[in-house]
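Welcome! Take a moment to look over the sequence and the 3D structure, and then let us walk through some details together.

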Amino acid sequence: MNKDYSRLLNPSLEDIGAYIVEGGQQADVKLNQNESPFDLPQWMKEAILDEFKKEAWNRYPDILPFRGIKEYAAFTGVSSESVMMSNGSNEMLYTIFLACLCKGKKVLIPQPSFSLYEKIARLILADITAVPMHEDLGFDVEEIIRRARDEQVGFIVLSTPNNPTSKSVTLDEIRRIAEEVEAIVLVDEAYIEFSRQESAIGIVMEYPNLIVLRTMSKALALAGLRIGFTIANPELMAQIVKPKIPFTSSRLAEITLKHVLGNYKLVEEAVGYILGERSRMMETLLKFETLTLFESDANFIIIRVSDSKKVFSRLAGEGILVRNVSGYPMMENCLRFNVGLREENDLLLDTLRASS
Ligand SMILES: Cc1ncc(COP(=O)(O)O)c(C=O)c1O
């Protein structure tokens, strides 16, 4: 019989589970991970690979990916000392949480929000102050400020536009929170390219307690390459990077980044297409009397149906994979799907019309 060694492990493992993508990652029409429906064009992939072939594969990349950092700093208009590149923004979330939290330290997380925040906080045994969204799933900024001050929270995490609600805070609200609370404020802008709100990158130098997180997995269509960025005041950045795992960004990631930023017009065209489709889908969904539609500020849409499990299965039967987000607080019977190609969206709308 195998001996049970679980008592020797970190006790907080009992409080968390392994990350799962409910419903899996395979489907004819895959709309469950907020990815871009557009892959990079073949000519760009070939140019990237030609350059990658010239690299020394037997040599470590730089400890921190300085080439990529420089490219992204030039692209966003901040100094290289204010930028860190990572192997997806998830990696940087672990790094930032390790830098800002420890056992018993307080973190404020609006709820519902991206599940990884709570998971990492639990792992580090931080105390979570959960602030519920308004009924319409919008942020309750007054309550965030009040609770953070009353409970002396030192770290606030805002996903804006928020996954899974698709609602945002405004730049003025970010300013207010950063000014009125004595806390480090992490603003996760994974979906900012689709938002009506302005990015907080422009105010990072004004607020030494502000950290902005970006990913290339959504609008920039590079989920498979794993590229994320953090932008902060250089002094804060010098602290945040201390727990970072070295060498996590590959040479391939740095080269790809350069090509994608150099052809940013393609990203803008893709974002334009997705926003056009989002409006078209919202207009159609508004006419469906059997569901509740929430306003969207990202590349995904939230609906509430009468029986989310049933609708999820009906969609799956047609080869359409969406995310059943009804397990999140306040999101009973809600489904989330990202905007896909026009024909994929039509199939989704037709199936929803027939089944919700
Ligand atoms: C709010 C938010 N932050 C971060 C991530 C992680 O993105 P990645 O690790 O692909 O950069 C996601 C992915 O879904 C997300 O929704």
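The peptide bond leading from asparagine 163 to proline 164 is cis, with omega near 20°.

Before going on, please note that this is a predicted model: local features need pLDDT of at least 70, side-chain atom pairs count only at pLDDT 80 or more, and totals for chains, interfaces and linings use all residues. Residue numbers start from 1 along each chain, as its sequence is written.

Another cis peptide bond joins glutamine 111 and proline 112, with omega about 5°. You can find proline 112 in the loop between strand 3 (106-111) and helix 4 (115-123).

Now move to the loop between strand 7 (210-215) and strand 8 (228-232), where alanine 221 lies. Alanine 221 is not a glycine, yet its phi is positive, about 60°. Arginine 226 is found in the loop between strand 7 and strand 8 too, and its phi is near 65°, again positive in a residue other than glycine.

Are these two residues buried or exposed? A residue counts as buried if 20 or more other C-beta atoms lie within 10 Å of its own, exposed if 12 or fewer, and partly exposed in between, with C-beta atoms placed from the backbone. Alanine 221 is partly exposed because it has 19 other C-beta atoms within 10 Å, while arginine 226 has 21 and is therefore buried.

Notes
Helix = DSSP H or I, 4+ residues; strand = E, 2+ residues; numbered from the N terminus.
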